[in-house]
Amino acid sequence: MEVKEVIRVENLVKKFGSFVALNGVNLSIVGDGITSIIGPNGAGKTTLINVITGRLKPDRGKILFMGRDITGLQPHKIVRMGISRTFQVINLFSGMTVYQNVLIASLNRGEDSRGLVEDVLRSFRLESYTRARVELYGLPGFHEYSPSEYV
Ligand SMILES: Nc1ncnc2c1ncn2[C@@H]1O[C@H](COP(=O)(O)OP(=O)(O)O)[C@@H](O)[C@H]1O
Ligand SMILES: [Mg+2]
């Protein structure tokens with residue numbers, strides 16, 4: 001079976017002013033396994049992930065994902081190509097349910113997510129209004145049950 005090169009990084013350089021955080025990084029990640037990047041604090045791990053995922057633009061070098069050049073692309077374009085990331089300090093929408101948080105993350109898979117986001121936020125506003133009504137009427141388990149289970 002052919003082993004795919006998922007990510008290839010060539011001669012990646014990232015500077016912050018005169019400080020060189022990534023100094024010619026080369027990397028090849030193949031197959032379906034788990035690959036770890038390890039190193040002491042300040043080694044440049046987060047900077048490398050930030051450059052690969054488009055949060056930071058490299059000063060030099062090239063990044064290929066599944067053979068396609070993604071160097072310097074905007075993060076939302078890279079996400080749509082299939083790279084996702086998590087953060088050391090996660091950010092969730094604390095006012096929304098788990099389901100809604102997952103839904104927000106899923107929205108970016110659409111072709112034109114901007115209108116869709118507005119639609120969903122509108123439905124969230126309606127939903128909290130609706131839930132307040134349901135609670136006012138004393139109907140329990142609004143989220144857990146379907147209406148047929150009330151009777
Ligand atoms: N936005 C930034 N501006 C200036 N220096 C930075 C910035 N981000 C990271 N650095 C520096 O780059 C080096 C690598 O940091 P980082 O990638 O966060 O390391 P790691 O994730 O391996 O701990 C550190 O010396 C850090 O201080
Ligand atoms: Mg880090």
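Q: Which residue takes a positive phi in the hairpin of β1 and β2?
A: That's Gly-17, with phi near 65°. The hairpin has two residues between its strands. Keep in mind that this is a predicted model.

Q: OK, and how many bridges join β1 to β2?
A: Nine, and the two strands run antiparallel. Strand β2 covers residues 19–30. For one pairing, take Leu-12: its bridge partner in β2 is Val-25.

Q: Back to phi. What's up with the phi of Asn-11?
A: Asn-11 isn't a glycine, yet its phi is positive, near 50°. You'll find Asn-11 in strand β1, residues 5–16. It counts as partly exposed because it has 13 C-beta neighbours inside 10 Å, and buried would take 20 or more.

Q: And where does Met-66 lie?
A: Met-66 is in the loop between β3 (60–65) and β4 (68–69). Met-66 also has a positive phi, about 50°, without being a glycine. With 13 other C-beta atoms within 10 Å, Met-66 is partly exposed.

Q: Switching to the helix: which residues are buried in α1?
A: Leu-48, Val-51 and Ile-52 are buried there, in a helix spanning residues 45–52. Looking down the axis of α1, the buried residues fall within an arc of 100°, so they line one face of the helix.

Q: What covers those buried residues of α1?
A: The cover includes β1, β2 and β3.

Q: Last one: what's the phi of Gly-54, which follows α1?
A: Positive, near 90°.

Notes: Residues numbered from 1 in each chain as written. Chains lettered and ligands numbered in written order. Predicted model: local features only at pLDDT ≥ 70, side-chain atom pairs only at ≥ 80, totals over all residues. Helix = DSSP H or I, 4+ residues; strand = E, 2+ residues; numbered from the N terminus. Buried ≥ 20, exposed ≤ 12 C-beta atoms within 10 Å, placed from the backbone. Pairing = 2+ DSSP bridges. Arc of directions from axis to C-beta. Contact = placed C-beta atoms within 7 Å.
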